[in-house]
Amino acid sequence: MPSLFGIAWKNLRRKRLRSMLTIVGIALSTWVLVSLLGFNQGYENSLNKDIDNLGFQVLLTAKGCPYEAATLMLKGGTGLKYMPYSIVDSVKANPQVEEVTPMLMQVVFDPNKGESGGVTAFLGIDPATYPKMKTYLIFEQGKWFDKPEAMEAVFGYEAAELEQREVGDLYLLPESDVEVTVVGVLKRSGTQDDGTIFLPVRTVQNVYKLENKITSIGIKVNKETDLAAYEEELYKLSDVQVVSMAQVKMTISNLVATARVMVMSIALIAILIAMVGVMNTVLMSVLERWQEIGIMKSMGAMTSHIFKLIWFETILLTFVGGIVGSVMSWILATVTDKLIRSVLPYSPTSALVQIDVLLALKAIGIIMAIGLISGIYPAWKAAKIRPIEAIRSTDGEL
Amino acid sequence: MSVNNEKIIEIKDLKKIYVRGSEHIHAVDGITLDVNKGEYVAFVGPSGSGKTTLLHLLGCLDNPTEGSLMVADRMVYCENKCMNERDLTKLRRELFGYVFQKFYLIPTLTVEENILLPFAFYQKEDAHKNAKHLTEMLGIAHRLSHLPKELSGGEMQRVAVARALINRPKILLADEPTGNLDSKRSAEISGIFQQLNKEEGITIILVTHNHHLAESAGKMVELKDGKLV
């Protein structure tokens, strides 16, 4: 027994090339849509992951530009401003503070780096507190430093690859005559720590004549703390800049908002083009089958049957196109990631485009809903065909 | 099955007027006619005489302009009031089978699917049993899985006849059913119609230019300029 769905399916196969081209159009729109939704989801997750991996909720830096502070927090930076080490004790004095870790970033020119030299950044850390906050850092080889002033270094995974260092090797600190021993190499963490060379904070101070100076303090407060109120309190300290996790997120989100709007506009245009394509294909099909539809009505098809029949064709087109587009976006996720990364002012370290089944289903749902809307006119046009008009005419008219 | 005097179609002073600008074309011009149950009627006449228009009116495919039309004791059209589209569709399902000159088979569906096509829109008991009976009677049982393009003209028309009869209609309307067939295939269709009328008791009304087909009907009605001659 033929079914409306079966008739619709067979009809789409009648003009295969036309149906295929329409499906390609829908698939491309779905690809854009899934990638956009994947980007929205992925960027948020990736940014959260980067910030969570900081291990602290608040970063205290010397007073300066908040954007620079945000960059410092996530990526390291140049043109550094310093704070006195004594500020650590002031921060610790607050009972809301669970853990405090001082950091000293030092950026030096290394003439042996690359063909014409390059910049190397060190992060001076406190071996007693820093590892407690960065619990996700796991060693490939070795361990953290033994003493706060040890002449030792720990390399992030990528830094070790780049410098070709293993545990036991010596490393000459640029702009000094001091050599440190590599005591640890970290496993890949997918964060900015992979490219970092860690030294004890006291060692950096001593070697680079930065006695009693630090660039930032990572602060972990207890869960009950009202962050906004605590930040206000921190501002009572002189010449400090407070950067909270929420601020960092907001700052970066603002920077990325323009890029998001641009991508969203492209997606919208692609979807509109696909809508017109679907409407055109189905309408052409209706006009070509004007007589057939009229004959169906003479055989007992109600208006609703014809409406459903044409709508099924739209559903099939958008469903197949949606599936193809989702698979395409999943396969091309890495390429899309690279494309988006190239236009963003700041990209978190982990995947920017995160596509999962739920997201793909959501996109297919959106595409099908749009397809259904674009199918309304052709379906209505077909449904109102009178048998006698169809029998008398050879083709339908718009 | 013999013809009884029970009327299945009654038309009184039926008119169909087409308006083309300022011109009024009387395609059907005040025809009064009764068709009895089991009757086999052929409408003949020159082209443009209104045969096909009359057939469409009788088959509830088109609305008259004036007059009255009653089918199986149900008033389809009277005093400018027409049955609503939903009821008309139900009437078509229940009473009519249509055969057209151009067959109008769906090219993407097999012979079997074409025959059973009406049941994509409504259910009827014994559909498959009836399909088997019809395809055997019409000699197309071996062609069920074929597509229309794989059939000859005569076979296509037989499929169209099977499709028209699948809902066990009381009235079969045929518009130039042999118009696209050679004389041998025309004779086959003519034989099938006679058989359907005599053995199944179906009322048949057809429009034809084919004298042999018209002569095989029990009653010949001639039209000219939209009127009965």
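This is a predicted model: local features need pLDDT of at least 70, side-chain atom pairs count only at pLDDT 80 or more; totals for chains, interfaces and linings use all residues.
1. The crossing in which H4(B) passes H5(B) is right-handed.

2. On the H4(B) side of this contact stand B:Asn130, B:Leu134 and B:Leu138, and on the H5(B) side they meet B:Arg158, B:Val161, B:Ala162 and B:Leu165. By class, the residues of the contact of H4(B) with H5(B) divide into five nonpolar, one polar and one charged.

3. Turning to the strand, S9 (residues 203-207) of chain B has five of its five residues buried, so S9(B) is largely enclosed by the rest of the structure. In a regular strand the side chains alternate between the two faces of the sheet. In S9(B), B:Thr203, B:Ile205 and B:Val207 point one way, while B:Ile204 and B:Leu206 point the other way, and all are buried.

4. Two pairings of S9(B) can be described. Strand S3 (residues 40-44) of chain B pairs with S9(B) in the parallel sense over four bridges, and strand S8 (residues 171-175) of chain B pairs with S9(B), also in the parallel sense, over five bridges.

5. The residue B:Ile205 in S9(B) links these two pairings, being the bridge partner of B:Val41 and also the bridge partner of B:Leu173.

Definitions and conventions. Residues are numbered from 1 along each chain as its sequence is written. Chains are lettered from A and ligands numbered from 1 in the order in which they are written. Side-chain values use heavy atoms; hydrogens and water are left out. A crossing is left-handed if the near helix is turned anticlockwise from the far one by less than a right angle, and right-handed if clockwise. Contact means heavy atoms within 4.5 Å. Ala, Val, Leu, Ile, Met, Phe, Trp, Tyr, Cys and Pro count as nonpolar, Asp, Glu, Lys and Arg as charged, and the others, Gly among them, as polar. Buried means under 20% relative accessible area, exposed over 50%, partly exposed in between (1.4 Å probe, protein chains only). Two strands pair if DSSP finds at least two bridges between them.
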